[in-house]
Structure formats: structure tokens, C-alpha cells
Amino acid sequence: MKLPNLPVRALFTLQLAAGLALAAPLPTLAAVPAVAAAPAAAPDHAAFDKLLKKHVNSKGQVNYKGFKADEKEFNQYLALLSKNAPAASWSKQEQMAYWINAYNAYTIRLILDHYPVQSIKDIGSKIKIPFVTTPWAAKFFSIGGKKMSLDEIEHGTLRKKFNDPRIHFALVCASVSCPSLRNEAYTAAKLDSQLDDQGRDFVNNPAKNKISKSSAQLSKYFDWYKGDWSENGQSVVKWVNKYSTTKLDANAKIDFLDYNWNLNEQ
């Protein structure tokens with residue numbers, strides 16, 4: 001069929017209308033709001049708890065050969081820690097329990113990596129430069145994809161973020177003069193009572209603190225971390241008296257014991 005002759009103006013109008021129709025946006029469906037992923041829950045420390053009960057005695061001495069025998073289970077727990085870095089949504093207690101367990105577990109891992117060894121200080125460079133060449137400065141594990149050291153857990157996280165000197169009763173450096181390694185894992189639900197119990201155990205251990213009313217020979221911990229013990233109107237004497245069965249006078253003479261770095265082995 002032959003199309004009728006149309007004026008040029010009419011043809012232009014028809015072409016413009018067709019072009020606009022093609023260019024018009026298609027109707028869109030209403031945007032579906034994205035569902036935020038639920039924050040990861042704090043990991044269960046039951047596997048570490050089981051190993052501690054099995055390989056740590058009531059004095060806090062460690063059966064490193066036993067940990068070696070159960071290395072598969074131990075490494076599975078370390079992998080759990082590595083993949084589940086603390087989130088801001090976790091409670092303070094959940095975060096602290098995680099980091100304390102991580103410090104103690106990776107300290108055991110460090111000893112196992114070099115076992116047999118007489119002292120943790122025998123590991124690494126013979127020349128020890130604090131925060132540089134000590135075993136605590138070595139970045140030998142990862143958490144949340146970040147290479148980390150024991151120093152970063154203690155000084156960069158626990159001391160810096162949570163400001164609770166009781167962590168010094170809980171972190172264990174695999175040495176005789178350290179606080180006793182607790183033969184259970186730390187948990188958010190029991191953390192406060194666990195830290196206080198560690199304080200009582202450490203302060204009243206005559207191998208680590210010798211206390212009378214007028215004088216005391218205290219652990220080097222009270223000297224090394226004196227700034228922590230003195231914050232918020234506290235003092236070394238006040239912290240000792242919080243847990244000691246023998247109370248120090250306010251003006252008691254205080255000296256510090258030599259530190260025994262021998263391995264805390266059964």
C-alpha cells in the first residue's frame with residue numbers, strides 16, 4: 001500500500017514522537033532494601049577449655065608433651081580464633097575473654113614450635129630488644145587476616161583498650177614466675193570472677209609474693225606495670241591489699257623479687 005504524501009513538518013513530528021517513546025524509561029520495580037548481615041558471634045572457647053583441663057594442673061604447670069599429642073585439636077581452636085576477630089558488637093567481656101585466651105593459647109603455640117626449650121627467652125634472637133626482637137614481638141600468627149604478635153595483644157589491645165590491670169594476673173608468659181595458667185578458658189559470663197580469682201591466687205602465692213604487714217617482696221609485675229596499678233587513684237599497695245590475706249601498711253617497705261624465666265612445665 002502506498003503511503004500518503006505528508007508535509008515535511010508532519011513527518012518530522014511523527015519521527016520526534018517515535019524517538020521520545022523509545023527513549024522513555026521503562027517503569028522500574030520498587031527497590032528492595034538490602035538485608036544487613038548479622039554480626040558474627042563470639043567464638044566458643046570450649047575446645048581450649050577441654051585442653052587446659054587435660055594438660056594444666058592445679059598449680060598452673062603445663063604438660064607441653066600433652067599439648068603436642070593433641071596438636072590437631074589445639075590447631076583447630078587456633079584456627080577458630082584466627083578466623084573470628086572480635087567485632088565492635090561483642091560485649092567488653094566477650095572481647096577481653098577472647099584476647100586473654102588468644103594470648104595464652106598462642107604462647108603455648110610458640111613454646112610448641114620450639115619445644116623442647118628451657119625458657120621462652122631462649123626463643124629468637126640472642127640479643128633481645130624490647131618490642132623488636134623478643135619472642136613477644138614476633139608476628140607468628142594471624143587474626144582476622146592481620147599478622148600479629150603477643151605484644152600487640154597485650155599492649156596494643158588489652159592494656160590500651162580495656163584499662164583493667166587484672167589482665168596481668170591472667171596473661172601467662174610460660175615462665176615459673178608468671179601467674180599460674182588457669183586450667184579453664186576465660187568466658188564472658190565468668191570473666192570478672194575469674195580475674196579476681198587469679199588475683200587472689202597470684203598475690204597469695206609465696207613463691208611469687210612474700211607479704212608481711214610492714215614489708216613485702218613482690219613480683220616484678222608490680223614494678224614493670226606500676227603505671228597500670230597506679231591509675232584511677234589506685235596504687236600497688238591498694239591492689240595487693242585487695243587480694244592479699246595479709247594486709248600491707250600504707251607505708252610498708254616494698255622490694256621486688258628476681259624473676260624466674262624457666263619454663264612453667266610439669
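**Loops, helix packing and core of the predicted model**

Pro 116 is placed in the loop between H5 and strand S1 (141-143). In this predicted model, the peptide bond that joins Tyr 115 and Pro 116 is cis, with omega about 0°.

The chain as a whole contains ten helices and five strands. Of its 266 residues, 42% count as buried. Among contacts between residues at least 6 apart in sequence, 67% join residues that are at least 24 apart.

The largest nonpolar core has 68 residues, and the members that touch the most other members are Tyr 64, Phe 67, Phe 74, Ile 100, Ile 111, Leu 158 and Phe 222. Helix H5 (residues 92-114) gives the most to this core, contributing 13 residues.

The packing of H5 against H6 was examined next. The two helices pack at an angle of about 160°, and their axes are 10 Å apart. Because angles over 145 degrees count as roughly antiparallel, H5 and H6 are roughly antiparallel to each other. H5 passes H6 in a left-handed crossing. On the side of H5, the contact is made by Lys 92, Gln 95, Met 96, Trp 99, Ile 100, Ala 102, Tyr 103, Tyr 106, Thr 107 and Leu 110. On the side of H6, the contact is made by Leu 150, Ile 153, Glu 154, Thr 157, Leu 158, Lys 161 and Phe 162. An α-helix has 3.6 residues a turn, so residues three or four places apart point the same way. Ile 100 and Leu 158, which both take part in this packing, are also among the core residues that touch the most other members.

The buried residues of H6 are Leu 150, Asp 151, Glu 152, Ile 153, Glu 154, His 155, Thr 157, Leu 158 and Phe 162. Their cover includes H5, S1 and S2. Ser 149 lies in the loop between strand S2 (146-148) and H6. Ser 149 counts as buried because its relative accessibility is 3%, and the limit for a buried residue is under 20%. Leaving aside neighbours within four places in sequence, Ser 149 is in contact with Trp 136, Ala 137, Ala 138, Lys 139 and Phe 141.

The loop between H6 and H7 holds several residues of note. Just after H6, Asn 163 takes a positive phi of about 50°, and Asn 163 is a residue other than glycine. Asn 163 belongs to the loop between H6 and H7 and, with a relative accessible area of 38%, is partly exposed. Ala 174 lies in the loop between H6 and H7 as well. The phi of Ala 174 is also positive, near 65°.

When residues up to four places away in sequence are not counted, Glu 184 touches Asp 49, Leu 52, Lys 53, Lys 190 and Gln 194.

Trp 239 is located in helix H10 (residues 236-243). With a relative accessible area of 10%, Trp 239 is buried. Apart from neighbours within four places in sequence, the contacts of Trp 239 are with Pro 165, Arg 166, Trp 229 and Gln 234. Trp 239 and Pro 165 are 74 residues apart in sequence, while the distance between them in space is 9.3 Å, C-alpha to C-alpha.

Key
Residues are numbered from 1 along each chain as its sequence is written. This is a predicted model: local features need pLDDT of at least 70, side-chain atom pairs count only at pLDDT 80 or more; totals for chains, interfaces and linings use all residues. Side-chain values use heavy atoms; hydrogens and water are left out. Contact means heavy atoms within 4.5 Å. A nonpolar core is a set of buried Ala, Val, Leu, Ile, Met, Phe, Trp, Tyr and Cys residues joined through side-chain atoms within 4.5 Å. Buried means under 20% relative accessible area, exposed over 50%, partly exposed in between (1.4 Å probe, protein chains only). Helices (H or I, at least four residues) and strands (E, at least two) are DSSP runs, numbered from the N terminus. Axes are lines fitted to C-alpha atoms, for helices over the stretch in contact, and angles run from 0 to 180 degrees between N-to-C directions. Angles under 35 degrees count as roughly parallel, over 145 as roughly antiparallel, 65 to 115 as roughly perpendicular and the rest as oblique. A crossing is left-handed if the near helix is turned anticlockwise from the far one by less than a right angle, and right-handed if clockwise.
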